Amino acid sequence: MSSLTTTLASLPATLAEGIAQVGGIGMSSSSLLICVIMGAIIAFILAFAIGANDTANSFGTSVGSKVVTLYQAYMLASFFETLGAVLIGHKVTDTMRKGVIDIDQYENKTAELLYGQISILSGCGAWMLLATFFKLPVSTTHSIVGATIGFSLVVSGTNGIHWHKILRIFASWIVSPLLSGIVSICFFVLVDHLVLRKSNPLRSGLLVLPALYFVAVSFNVFAIVYEGSEFLHFNSLPLWTVLLVSLVLGLLVAMIVALFVTPYLRKKIIAESAVESAPSTANSVELGSVAQSKAALLEYEHKQTKLSVSNGSNGHHAPNAVAPTHSSPKASFFRSHKPEDPQAAKLFSFLQVMTACFGGFAHGGNDVSNAIAPLVSLWAIYHEGTSKQEMHTPWYLLFYGAFGMCVGLWLLGHRVIYTVGENLTKITPPSGFAIEFGAAVTVLIASKMGLPISSTQCKVGSVVAVGLAQASHSVRWHTFRNICLSWIVTLPVAGLLSAVVMMMFRYFAL
């Protein structure tokens with residue numbers, strides 16, 4: 001933090017030496033290049049902070065459910081985050097750099113816009129690093145929008161701020177966790193009724209598994225291809241072609257799962273269960289999540305047996321019988337009281353990882369804009385010589401932002417991964433699949449709409465919703481409270497830091 005503070009403090013004097021006081025757009029290319037280089041350095045710091053904080057959300061639930069290890073999550077996240085950033089990141093980047101403030105009012109104030117972009121990067125980067133230090137999963141979308149408003153208020157007051165678009169962004173922050181939670185809980189309830197509540201969950205899961213792969217693959221392929229990458233010419237494909245390709249690929253994957261994956265999983269799970277129930281290990285102390293799930297399931301079945309025995313023809317309970325739970329039909333439909341079967345839960349492990357990969361792809365497409373949008377504005381000013389911001393987002397700047405995110409993930413990502421993956425609620429492969437898919441659906445749709453939602457809120461909304469629907473009904477509300485408080489303070493703090501940096505620029509350089 002001290003090095004970052006020193007860098008930020010020295011920026012005004014450094015830039016003042018390289019930029020002539022021209023007041024308009026007559027800045028030399030060498031002076032503009034100095035600003036672009038300084039902005040690129042700070043943008044990398046911001047991308048690093050986003051990787052350490054927000055990128056960790058993509059695979060936090062997979063690590064929490066013990067489906068992948070921490071380093072496996074790092075490798076998968078690095079690949080899919082970068083792929084998503086390069087292929088679909090341009091859409092949200094354009095919204096972030098053009099949609100929050102009126103660029104036209106800076107047509108003759110190129111220097112102020114240029115300094116403003118550096119102020120945005122500085123304020124947001126400083127706050128993200130501080131939040132990561134305290135293990136707070138804050139929203140980088142909140143940070144960048146707040147920082148943009150902070151610099152604009154210093155330069156132009158309330159003039160030029162697109163308040164209606166900001167209100168739309170505010171609405172998306174409220175809608176995104178609710179929508180993500182609703183989608184996730186719907187999928188979890190569907191899996192719960194079709195698989196987990198059945199008398200033979202393993203058999204039911206093997207029958208349902210191809211259909212789940214069909215839905216997951218078809219949707220994610222459609223979301224990626226429809227109005228997709230310009231570089232791969234996906235944007236020129238008509239709707240019927242995208243639908244056909246998505247359904248065919250989904251059907252192909254479902255057939256492969258039904259013909260090859262399902263028989264393999266049946267043999268593997270049954271063989272593992274035979275080893276676990278061998279006489280040499282039957283009386284040993286069972287540790288780990290699988291053993292705990294077995295114990296909970298056996299206890300539940302024992303209680304159900306006692307209830308059925310105690311309920312005689314007279315309808316009275318035996319003295320030592322366990323009383324049935326008095327839940328309303330609606331509550332019982334959404335909230336299961338039966339613990340998950342560990343054999344059936346194993347069916348969802350790869351499905352959760354696949355969905356997490358799609359979620360990482362969506363996160364890279366959405367959140368790379370937070371680090372790169374101000375840098376793209378700086379590059380557009382340098383490349384075009386004006387502040388009109390007419391150029392498209394270059395792919396190499398998207399890749400640069402994705403690289404910074406990956407470095408931050410590998411070095412500091414573990415600090416936030418455990419907050420999302422373990423400290424909110426207990427996550428298992430079935431619930432993890434529902435969480436990942438609900439969040440991925442919400443983020444991918446928002447990316448296609450050019451709406452800069454918070455992927456952090458999507459993931460947290462899904463985790464809380466599914467946590468309430470699980471048999472344990474356990475959500476650690478104190479952790480959720482701290483996360484919500486961090487969301488509230490993020491926008492004003494980032495705006496204040498950006499405004500302070502911009503005021504320093506006005507005092508020293510403008």
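**Helices, salt bridges and surface**

Q: At which residue of helix H19 does a kink of about 35 degrees lie?
A: This is a predicted model, in which local features need pLDDT of at least 70 and side-chain atom pairs count only at pLDDT 80 or more, while totals for chains, interfaces and linings use all residues. Residues are numbered from 1 along each chain as its sequence is written, and side-chain values use heavy atoms, with hydrogens and water left out. A bend is the angle between two fitted axes, one for the seven residues ending at a residue and one for the seven starting there. In H19 the kink comes shortly before the proline Pro492, at Thr490.

Q: How many of the 15 residues of helix H18 are buried?
A: A residue is called buried under 20% relative accessible area, exposed over 50% and partly exposed in between, with a 1.4 Å probe and protein chains only. H18 reaches 21 Å from its first C-alpha to its last, close to the 21 Å expected. This helix is largely enclosed by the rest of the structure, because the number of its 15 residues that are buried is 14.

Q: Which residue forms a salt bridge with Lys459?
A: A salt bridge is a side-chain nitrogen of Lys or Arg within 4 Å of a carboxyl oxygen of Asp or Glu, and a search of the whole structure finds two. For Lys459, the closest N and O atoms of its bridge are 3.4 Å apart. The pair links distant parts of the chain, since Lys459 is in H18 (residues 455–469) and its partner, 23 residues away, is in helix H17 (residues 429–448).

Q: What is the relative accessible area of Arg197, which meets Asp192 in a salt bridge?
A: The side chains of Asp192 and Arg197 meet with a distance of 2.8 Å, N to O. Asp192 counts as buried at 3% relative accessibility, whereas Arg197 is partly exposed, at 28%.

Q: Are the rings of Phe79 and Phe80 stacked or edge-to-face?
A: Rings of Phe, Tyr and Trp (its six-membered ring) pair if their centres lie within 6.5 Å, and planes under 30 degrees apart count as stacked, over 60 as edge-to-face and the rest as tilted. The whole structure has 18 aromatic pairs. For Phe79 and Phe80 the centres are 5.0 Å apart and the planes are at 90 degrees, so the pair is edge-to-face.

Q: What is the phi of Lys66?
A: Most residues other than glycine have a negative phi. Lys66 is found in the loop between helix H3 (57–64) and helix H4 (70–99), and it counts as exposed at 57% relative accessibility. Although Lys66 is not a glycine, its phi is positive, about 65 degrees.

Q: In which helix does Ile256 lie?
A: At 41% relative accessibility, Ile256 counts as partly exposed. Ile256 and Pro210 are 46 residues apart in sequence, yet 8.3 Å apart in space, C-alpha to C-alpha. Ile256 lies in helix H9.

Definitions and conventions: Helix = DSSP H or I, 4+ residues; strand = E, 2+ residues; numbered from the N terminus. Expected span 1.5 Å × (residues − 1).
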